[in-house]
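Please read this note alongside the sequence and the coordinates. It is meant as a colleague's guide to the points that deserve a look.

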Amino acid sequence: MSESLNFLDPSVLSGLSNLELRARTVVEGFLSGLHKSPNRGFSVEFNDYRHYQRGDDMRHVDWKLYARSDKFYIKQYEDETNVRVVILLDVSASMDYTSGSVSKLNYGITLASALAYFIMRQRDAVGLITFDDEVQEYIPAKCRQPHLMRILRTLAHVESGNKTNAVKPLSDLAASLHKKSMVILISDLLDDEERVINTLQNLRGMGNDVIAFHLMDEAELKFPFNEASEFVDMENQETYITSPAAIREAYLENLNEYLSFCKKKCQRSGVDYCLLNTSEPLDEALSAYMTKRARSF
Amino acid sequence: MVFLTPIFLLGLLAALIPIAIHLIRREKPPKVMFSTIRFLKKTSKKLVLFQQLQQIALLLLRAAVIVLLVIAFARPLFNQSVARLVDADPQSAVILLDVSMSMRYGDTFERAREEALDIIGRMGGGDEVALVTFSDSAQLVRELDTDIASVRALINEVDAPGYGSTRFYPNLRLADQLLETAQFDNRAVYLISDFQDTGMQDADESWKLAPGIALTTIDVGEVESVNLALTDVRSPEQLLEDAAEQQILARVRSTGTVYRDAGEVSLSINGQMVDRVQVDLGERSEEVVTFSSLFEAEGTYTGEVRVSGDGYSDDNAFYFTVDVLPKIRVLVVNGEASENWFDDEGHWFGLAVGGTDASPFDLQSVESSQLSAAALRQSDVAVLLNVGDLTNGQADAITTYVEQGGSLLIAPGDRVEPEVFNRQFAEITPASLQRPTGRIDDYLVIADYDRRHPVLRPLVGDWTARFEGHWPMQARDDAAVLMQFDNTEPALVERDYGQGKVMLFASTLDLEWNNLALQGLYLPFVHETLRHLVQTDVRQRAYAVGDTINLDTQGSAASVSARNPSGSDIRLVDNAVFTATTPGFVTATIDGNEARYAVNFLPEESNLARVAPATLYDAVINPDTSPIQSREVQTAQMIEELERPQRMWWYILVAVMLLILAEAVIANRTYR
């Protein structure tokens, strides 16, 4: 378990330049720790036969063919896509912040890649939307293998943008969804969080499952600064000179109030909320997805 | 309050360290890119304001801590506490406060007053102190007294300096005498002065203060002074009417420590400016300015020479008076008148007295038969030239004339009978004539004369006249022999009679008995003799500050009053005497007649050159006087004794100070 966790460490993952490799590392590492999970196996549509091999599940033996040929054949099924997952990745300027080796954006890209890989591995359809105050990239949800590569290529070339405005992409998405889907929002939510969560609530009300991954940097959560400094807002370049030691308590109080609001608001709205510290491994995010996926389907 | 170690007060500069740290580190805080500042901006404004106030309060606290530490290093003590300790040895002190004219320069005297008050402030309860103000004379304001508060009040009431000159030695002697009666052994003299160099006049090198008397010199003089002074003005005191144009000379000198080479000198007569001259001293120390003026009409003129262009006005004016008198009326009684000039007894005398139109004499010549009391009354002086035939009535008239104030000059010749002369002029003659007792084969000359007499004082020279004839004279006891022949017989005798004066010459004033009329001294001798006979009551009109002026020298005036230059009445002593205190014109009214007197400052006070106080100290301090007797040294010694065993404080305080400085640095590094 500890070995797999090492592979999920963001700082280790950030050293992997190939995004597919990074996503696979995350997913395989995660799955190796879940080999006894009861949620595994969910194929639906017949595709081919193969000879029975020891260890195969007896439920998948084609008994009619056995009656005709006296041989055990295992029915192989083509996975049926019954879930459409759309990943929304916030690429605004604030996502570029980092106090260590991994920025929130990099962490989000890795998370999105892993989720896409994981979803495709389960034969679900996955799409991608990157946005700041506008939709930057839109890839519709599909389940074919080349589609994953497209998503990964898109993620590999993501650059940070402008100010965050998640409301508009989410509204556009809500208008385009015709089937029950799962919406995964990866963002630092440094926007008008109440409107964003209201929009997520609308998506939830349309029958979609919604997961909000709220990314926060370690420094944002603990505000470890000491020396008097001029703080520059990365999104609007506004500045503020202060002595952190004097206001740390007030900052953390304001932050916790904000985080608490986000969490409660999401809970009330039926949105799964997951606060992620970018200095911690990704398995928590994947667990959250798996839990949600199992509960929904 | 005093400090035991005041050198540490320099450490107050260390209070700037926290401020410097605050200011240096305040500049350019580092920029930090952050995802959002929304949570920073939501922090309370009060919190930020409080934080700023906290910083300022912290800064002030640190600076205050350093200041207090530095003060602690300096070891403050209340002066009274040290004074109480020193009071165990009470002091008898004399404060000598200079009030000479030079102390009027700028605010010198106010500084002197402050110094005196400062000395009083350091006096303890058991001390006794005397106050003396001095210039060329001293005024004992308060004898030795333990009532310090009253002395303080007296110092505040001391009048501004007058116009006296400075003298140190007489006043130090006075202080020395005052301290002879001092209660305490600890005796001190405080000399507060501008230490004008002229104050060292009358120095007595053999005199010292008594042993044990400490001297503290307090110099309040200006280091740099600028002054143009009138050190001398020469003007005629008395003139006869219709006199020629007179010259008035003024000597201007730069007497300050800073040389001033230019100024303006003006002359005013009777309040009207008559001339003005620019003075350029150049590289010279002084310049003589010449004014010309006419004094034609009879009367008294007041003149003022004033210099301007410096910063010290008290010595810029010099005052003088000029008395213009009427011509002297001379009545000559010619005892041997003749149409032939060589036989005329009055020929040579007439040439000497009335030879020119500009003569100051109005000459009337009569023969003896024409002499009358009326003619005498119309003359100021009567001259008898070889007159031997006067009637007794004429002689009585002459006697009355002299008694009532007339003057008489007698030059007897061969027409005079000694017995008749001695009888007719017995009352008034200064000497009796004697008949010659033997034959005189040789001539006589003037062997000796009174060089101090007003007539003969300006006639210093060789009296080479030969006297082949003369009258031997027996001078009266109340007469003064002014000239003697070489045979010791009197040649000129003078006597006052009544209100008049009589002079008797032993020979003639023509060439009959001597050749004096051919000598160069003849004319001035005649002129000076006549002037002297007429102006017997020449009043002194020019005085200096500090002089005593007697307005009625003869004591005959019925009413005398006087006003000083400012117009206020002068209080007279013995109805006629006062001491001049202020430069300017004193106006006196004597029996209804007004007279003006010029009073001037002493030129030496214009010299602002200074003497080093140490020079005076070395000159007067007694070698047996221990210097530790002074209050200052006692206090310093007491402070040293208090401070020495407690120096451990220094090291403790140094450690505390270093710790606090470190805290200031570290705190700024951590919290800012």
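This is a predicted model: local features need pLDDT of at least 70, side-chain atom pairs count only at pLDDT 80 or more; totals for chains, interfaces and linings use all residues.

1. Residues are numbered from 1 along each chain as its sequence is written, and chains are lettered from A and ligands numbered from 1 in the order in which they are written.

2. Between the chains, 30 residues of chain A are in contact with 21 residues of chain B, contact meaning that the C-beta atoms of two residues, placed from the backbone, lie within 7 Å. On the chain A side, strand E8 (229–233), strand E9 (239–242) and helix H10 (244–269) each supply at least two residues, and H10(A) gives the largest share, 8 residues. Helices (H or I, at least four residues) and strands (E, at least two) are DSSP runs numbered from the N terminus. The side of chain A that touches chain B is made up of 16 nonpolar, 6 polar and 8 charged residues, where Ala, Val, Leu, Ile, Met, Phe, Trp, Tyr, Cys and Pro count as nonpolar, Asp, Glu, Lys and Arg as charged, and the others, Gly among them, as polar.

3. Strand pairing also crosses between the chains: E8(A) and strand E2 (residues 31–34) of chain B pair in the parallel sense over 4 bridges, and Phe231(A) has Val32(B) as its bridge partner in E2(B). Two strands are taken to pair if DSSP finds at least two bridges between them.

4. Chain B has 15 helices and 32 strands, and within it 5 strands form an open sheet of mixed pairing in the order E6-E5-E4-E7-E8. Its edge strands, strand E6 (138–145) and E8 of chain B, each pair on one side only. Parallel pairs joined by 7 bridges are found between strand E4 (residues 91–98) and E7(B), between E7(B) and strand E8 (residues 213–219), and between E4(B) and strand E5 (residues 128–134). Individual partners can be checked at Ala93(B) with Ala188(B), Ser193(B) with Asp219(B), and Ser92(B) with Glu128(B).

5. Strand E7 (residues 186–193) of chain B is largely enclosed by the rest of the structure, because 8 of its 8 residues are buried. A residue is buried if 20 or more other C-beta atoms lie within 10 Å of its own, exposed if 12 or fewer, and partly exposed in between, with C-beta atoms placed from the backbone. Asn186(B), Ala188(B), Tyr190(B) and Ile192(B) point one way from E7(B), and Arg187(B), Val189(B), Leu191(B) and Ser193(B) point the other way.

6. The largest nonpolar core holds 63 residues, and among the members that touch the most others are Val333(B), Phe349(B) and Ala382(B). Such a core is a set of buried Ala, Val, Leu, Ile, Met, Phe, Trp, Tyr and Cys residues joined through C-beta atoms within 7 Å. Leaving aside residues up to four places away in sequence, Ala382(B) touches several residues, including Leu331(B), Ile398(B) and Leu408(B).

7. Asn386(B), in the loop between strand E19 (381–385) and helix H10 (392–403) of chain B, has a positive phi of about 50° although it is not a glycine, and Asn386(B) is buried, with 25 other C-beta atoms within 10 Å. Asp574(B), in the loop between strand E29 (560–563) and strand E30 (577–579) of chain B, has a positive phi of about 55° and is likewise not a glycine, but Asp574(B) counts as exposed, with 10 C-beta neighbours inside 10 Å.
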